[in-house]
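I opened the notebook for a quick pass over this chain.

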Amino acid sequence: MRLLGVGMCAAALAVGLLAPPAHASAAGGTADLRGAGWALKDTGKEVRFRGLAAVSRTTAWVAGSKGTVLRTIDGGRSWQDVSPPGAVAEGLELRDVEAFDARRAVALSIGEGEASRVLRTEDGGATWTETFRNPDPRAFYDCLTFFDARHGLAVSDPVDGRFRILSTDDGGRSWRVLPDTGMPQALPGEAGFAASGQCLVSAGPRDVWLATGGGPAARVLHSADRGLTWRAAESTVPAGDPARGVFALAFRDRTTGLAVGGDYRTGQASPQAAAVSTDGGRSWRQAAAPPPAYRSGAAWYPYGRGTALAVGPTGTDLTQDGGRSWRTLDPGSFDTVDCAPDTGCWASGEKGRVARLERR
């Protein structure tokens, strides 16, 4: 589902950063969150970056409008424009990017029919290969995810009443559409949101979750066999309108997950904009103190069992109790957030905004 542009600029204020893993408590409690904040990194671009892949504290990829892809390998001090020439020439909307390291990445462009494509690089973006071009005018791909360096999936809005799943087992070099016999029927008006590259997420070698909205209920679909069969569960995030639903998921492991969303239209209220699951997405409960507005991206902080970030056009929120309560820490506009295993957290969004979480 194409998402209309929303957002506002604001200065970055302090947000929390966990202490190194050795400082975390054995019980998984919160660690020191003081003395850190978003540090904006000058990308030299004005495009909107809804695709983000955090490889480490030094390496990150962002993908966005006008076919733009940037890469940094020095913590954001400098950015290399590694945009695929064909994507730039056609003005493709690159809404998701998944990176395995500083050299290998896979990017997804969204849109109806042939506008939905997958591109892959093995040389840090010096060259790109188009490995999939959607031949079906009824399909509209929204997000992709990888279980490991070989196995990955992409999802399209429903075709013939069911979400369509695209699969690769060679790192994105080739793709095939999976049978839809194990996919539940979509609800009327139900679709995914191409807002942050997080409507399809995975944890571990086989588990994957799909977030939906636009229909009478905002659902989360789960597969434990890499997309062959799925089970749907209703979340507590409000739906009932094409602009409402779950926009992003984040799973810490195969049981503990977060869902964030709301109503993306500027000025519209988004109560109950977050939910949490502790049973692999089979059931969801509303956050007791949710974010105050629509949020489009979420990420767990490594080594902090209850700590996660959520971002949106009106701010960044932090939870330290596994998603039960959230507090806003930054009013700056971001669309997506991602954290690397070495605790390097990055966020990106409108007007070329990219930031890294740093100690002050």
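In which sense do strand 18 and strand 19 pair, and over how many bridges? I found them antiparallel, with seven bridges between strand 18 and strand 19 (residues 257-263). I count two strands as paired if DSSP finds at least two bridges between them. Strands (E, at least two residues) are DSSP runs, numbered from the N terminus.

A note on the source: this is a predicted model, where local features need pLDDT of at least 70, side-chain atom pairs count only at pLDDT 80 or more, and totals for chains, interfaces and linings use all residues. Residues are numbered from 1 along each chain as its sequence is written, and side-chain values use heavy atoms, with hydrogens and water left out.

Entry: I traced an open sheet of four strands in the order 18-19-20-21, with antiparallel pairing. Strand 18 (244-251) and strand 21 (285-286) are at the edges; each has a single partner strand, so one side of each has no neighbour in the sheet. I also looked up Val-246 and found it opposite Gly-261 in strand 19.

**Entry: positive phi.** Lys-66 is not a glycine, yet its phi is positive, about 60°. I placed Lys-66 in the loop between strand 3 (60-64) and strand 4 (69-72). Thr-343 is another non-glycine residue with positive phi, near 75°. Thr-343 sits in the loop between strand 26 (336-339) and strand 27 (345-348).

Is each one buried or exposed? My cut-offs for relative accessible area are under 20% for buried, over 50% for exposed and partly exposed in between (1.4 Å probe, protein chains only). Lys-66 is exposed at 58% relative accessibility. Thr-343 is buried at 12%.

**Entry: disulfides.** I took a disulfide as a pair of cysteine sulfur atoms within 2.5 Å. That rule gives two.

Cys-143 and Cys-199 form one of them, with sulfur atoms 2.1 Å apart. Cys-143 lies in strand 10 (residues 140-146) and Cys-199 in the loop between strand 13 (176-177) and strand 14 (200-203), so the bond ties together parts 56 residues apart in sequence. The S-S torsion of Cys-143 and Cys-199 is about 125°, so I logged a right-handed disulfide. Both cysteines of this pair are buried.

Cys-339 is joined to Cys-345, S to S 2.0 Å. The torsion about the S-S bond of Cys-339 and Cys-345 is about 100°, so this disulfide is right-handed. Cys-339 and Cys-345 are buried.
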